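Subject: Structure for your attention

Dear colleague,

Please find the structure below, handed over for your records.

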Amino acid sequence: MVVSAKPVQPIWCPGCGDFGVLASVKKAASQLQIPPHQLILVGGIGCSGSIHNFLEINGIHALHGRLLAQAVGVKLANPELTVVAAGGDGDGYAIGMGHFMHAFKKNASLLYLVMNNETYGLTKGQASPTSQVGFEGNVEHPFDAILTALSIPVPNFIARTFSGDPKTMTTVLIEALEFVRAHRGFAFVEDLSPCVTYNDTYKLWREKVQDVAKLDGYDPTDRQVMFRLCQETRQKGKIPVGVMHRPAASEKDEVGLEKILLPDGVGPAQSDIRLEANLEGYTKLLRAVG
Ligand SMILES: Cc1ncc(C[n+]2csc(CCOP(=O)(O)OP(=O)(O)O)c2C)c(N)n1
Ligand code: SF4
Ligand SMILES: [Mg+2]
């Protein structure tokens, strides 16, 4: 059985970039033959976060900016599950910023997918941390999540995709999902997902995206090289997309948080809770406490 759409239709505006993400998540999960009951999507608050309503899988609608805390909890409760956290730039880079930084460091094997539309879509188009100067009166400079991710020295998988190129997005999501399913740690994918209603950037982004793999010296195993390439690309007015960090072969022994905390691979949600399996331990405990 493969992951399919739910009978309920997405409530997104026609043309929203999030449709591309939904299609790519479905394709990637189906191609990897992830059984629907083993895939769980923790959604943030925003138009993007409602993605879990449109897939026939398990899902949670988390608190605003707190989806990563819940996703790590799910992974540690049952490390066999394939966990995807998905939300917006407001959810992840404003209210959720503290959790965002720590997710790289914690390095639990889950995929965090941010649909960046440079605005708060759900609340009708206010400026977000990635908004350009001048958008809705914004005077602050935009934040770049990829540069931040590259600066954290943990062997995570890091990539940026574009909803206007769903084929590449599917390929990247397959690699990211393979990474987390092999318990190799945290995978972060930022998708450029235009909000056609409040910030229609399709045309602009189509002209601006630059595939980093085509640049001289491209080496996704070297953070310094990738940081420099991304910065130079930005300085030229382009937006770097592609795989930004893929841990080197020498880092292949690195494992995700769940493997360190639960080396036998069994989380609390999988433990045997029958009375007969626990009676002896429980009796011992009662005796010990007097
Ligand atoms: C604690 C809290 N603060 C504020 C809000 C209001 N709110 C709902 S969604 C949202 C931001 C949505 O923007 P983003 O995460 O970029 O998602 P998008 O709708 O653009 O996909 C805000 C501020 C809320 N729901 N909860
Ligand atoms: S408001 Fe923007 S982000 Fe929300 S569904 Fe419509 S196009 Fe998509
Ligand atoms: Mg947004």
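In what follows, Ala, Val, Leu, Ile, Met, Phe, Trp, Tyr, Cys and Pro count as nonpolar, Asp, Glu, Lys and Arg as charged, and the others, Gly among them, as polar. The model is predicted: local features need pLDDT of at least 70 and side-chain atom pairs count only at pLDDT 80 or more, while totals for chains, interfaces and linings use all residues. Residues are numbered from 1 along each chain as its sequence is written, and chains are lettered from A and ligands numbered from 1 in the order in which they are written.

**Ligands**

A residue is taken as near a ligand if its C-beta atom, placed from the backbone, lies within 6 Å of it. The shell around ligand 2 divides into 8 nonpolar, 3 polar and 1 charged residues. Among its members are W12, C13, C16, D18, C47 and C195. Around ligand 1 there are 19 residues, of which G46, S48, G88, G90 and G121 come nearest. By class, the shell of ligand 1 holds 5 nonpolar, 12 polar and 2 charged residues.

**Sheet**

Helices (H or I, at least four residues) and strands (E, at least two) are DSSP runs, numbered from the N terminus; two strands pair if DSSP finds at least two bridges between them. An open sheet with mixed pairing is formed by 8 strands in the order β2-β1-β3-β4-β6-β5-β8-β7. Its edges are β2 (58-61) and β7 (209-211), each with a single partner strand, so one side of each lacks a neighbour in the sheet. Within the sheet, β4 (residues 111-116) pairs with β6 (residues 187-192) in the parallel sense over 6 bridges, and L111 stands opposite A187 in β6.

**Helix packing**

Axes are lines fitted to C-alpha atoms, for helices over the stretch in contact, and angles run from 0 to 180 degrees between N-to-C directions. Helices α2 (residues 67-77) and α4 (residues 97-106) cross at roughly 30 degrees, and their axes come within 9 Å. That makes α2 roughly parallel to α4, a term for angles under 35 degrees. With contact defined as C-beta atoms, placed from the backbone, within 7 Å, L68, A69 and V72 in α2 meet H99, F100, A103 and K106 in α4. This contact has 5 nonpolar, 1 polar and 1 charged residues.

Yours sincerely

Note on methods. Angles under 35 degrees count as roughly parallel, over 145 as roughly antiparallel, 65 to 115 as roughly perpendicular and the rest as oblique. Two residues are in contact if their C-beta atoms, placed from the backbone, lie within 7 Å.
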